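Subject: Handover of a structure

Dear colleague,

Please find below the structure that I am handing over to you. My notes on it follow directly after.

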Amino acid sequence: MLVNTIHGEMDDSLLVKKEGSIDNDNEFTTWVEYWLDGELVHRSAHVTLKTSLFTQLEAAEIG
Amino acid sequence: MANTQSLCTSFLGELMTATHNFGASPIRAASTADTFKAALYITTATVNASTTVYSASNEVNGTNYTAGGVTVTNGNIPNATNSSATAGVAYWTPSASIVYSNVTLSTAFDSVLIYNSTQSNKAVAVYTFTSQVISAGDFSLTMPTNSTTTALVRLSTT
């Protein structure tokens, strides 16, 4: 498989692949890195937002 | 039957479509939805509840990233769902993931500002996440489910 890198497309057989994830109350994030001779040549990340923002509204009492 | 003091849930939804105007407002050129954009900010930026408009200050900078970010896909009209005599929720979520393709963003970033590019870049919301750098890759933000409890933007009464 060809991987887009900072040096152009490279075959993944030449690269060291690292993957990871972060899972907390706010997000689920996955990332993938490809390294060539100790140099980071590709990194992608995908964040799934879990927490929405909301505003509480209320009607004040009259009188 | 009894009367109950409450904000009308329909009003919450109509806030999201600029139906009501309690003060001076911009003259809207069209009745269609505005264009919203998503800009990324580095970890040392200060975007928060006090942010009023998009700014390029401390926005990420790198290959294939255009200042101002990307346009948010808006195929969801705001919904307003009533849950009781006093409570309801208006909500909206972009209809697709926000994607920055084939970018190199070498300075760590941890937030995205959603803003209204049709209305003078006025700010909507800031969302934070674990800091990231991207090298010749994609960065995507997948949206939560568009519902009363998880939508990206919610206005609620209880």
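Among contacts in chain B between residues at least 6 apart in sequence, those that join residues at least 24 apart make up 72%. Please bear in mind that this is a predicted model. Chain B has 158 residues, and buried residues account for 32% of them. Taken along the principal axes, the C-alpha atoms of chain B fill a box of roughly 65 × 30 × 25 Å. The chain contains one helix and seven strands, and along the sequence these follow the pattern α-β-β-β-β-β-β-β.

Next, the two chains together. On the side of chain B, 32 residues are in contact with 27 residues of chain A. Three strands of chain B, namely β5 (98-116), β6 (122-142) and β7 (153-157), each supply at least two residues of the side that touches chain A. The most comes from β6(B), which gives 15 residues. Sorted by class, this side of chain B has 16 nonpolar, 14 polar and two charged residues.

Strand β6 of chain A (residues 53-56) runs parallel to β7(B), and four bridges join them. Within this pairing, Gln56(A) has Ser156(B) as its bridge partner. By contrast, β3(B) and strand β4 of chain B (residues 88-92) run antiparallel, again joined by four bridges. There, Thr81(B) stands opposite Val89(B).

A hairpin of two residues leads from β1(A) to β2(A), and Thr5(A) stands opposite Gly8(A).

Where does Ser97(B) lie? Its place is in the loop between β4 and β5 of chain B. Ser97(B) has 15 other C-beta atoms within 10 Å and is therefore partly exposed. Leaving aside residues up to four places away in sequence, Ser97(B) touches Ser140(B), Leu141(B), Thr142(B) and Met143(B). Ser97(B) is also 24 residues from Thr73(B) in sequence, while their C-alpha atoms are 7.7 Å apart in space.

The other two residues have a positive phi. Asp37(A), which is not a glycine, has a phi of about 50°. Asp37(A) is found in the loop between β4 (27-36) and β5 (39-49) of chain A. Is Asp37(A) buried or exposed? It counts as exposed, because it has 8 C-beta neighbours inside 10 Å, and a residue with 12 or fewer is placed in that class. In chain B, Ala18(B) is likewise a residue other than glycine with a positive phi, near 55°. Ala18(B) lies in the loop between α1 (9-15) and β1 (36-42). With 13 C-beta neighbours inside 10 Å, Ala18(B) counts as partly exposed.

Yours sincerely

Note on methods. Residues numbered from 1 in each chain as written. Chains lettered and ligands numbered in written order. Predicted model: local features only at pLDDT ≥ 70, side-chain atom pairs only at ≥ 80, totals over all residues. Contact = placed C-beta atoms within 7 Å. Nonpolar A, V, L, I, M, F, W, Y, C, P; charged D, E, K, R; others polar. Pairing = 2+ DSSP bridges. Buried ≥ 20, exposed ≤ 12 C-beta atoms within 10 Å, placed from the backbone.
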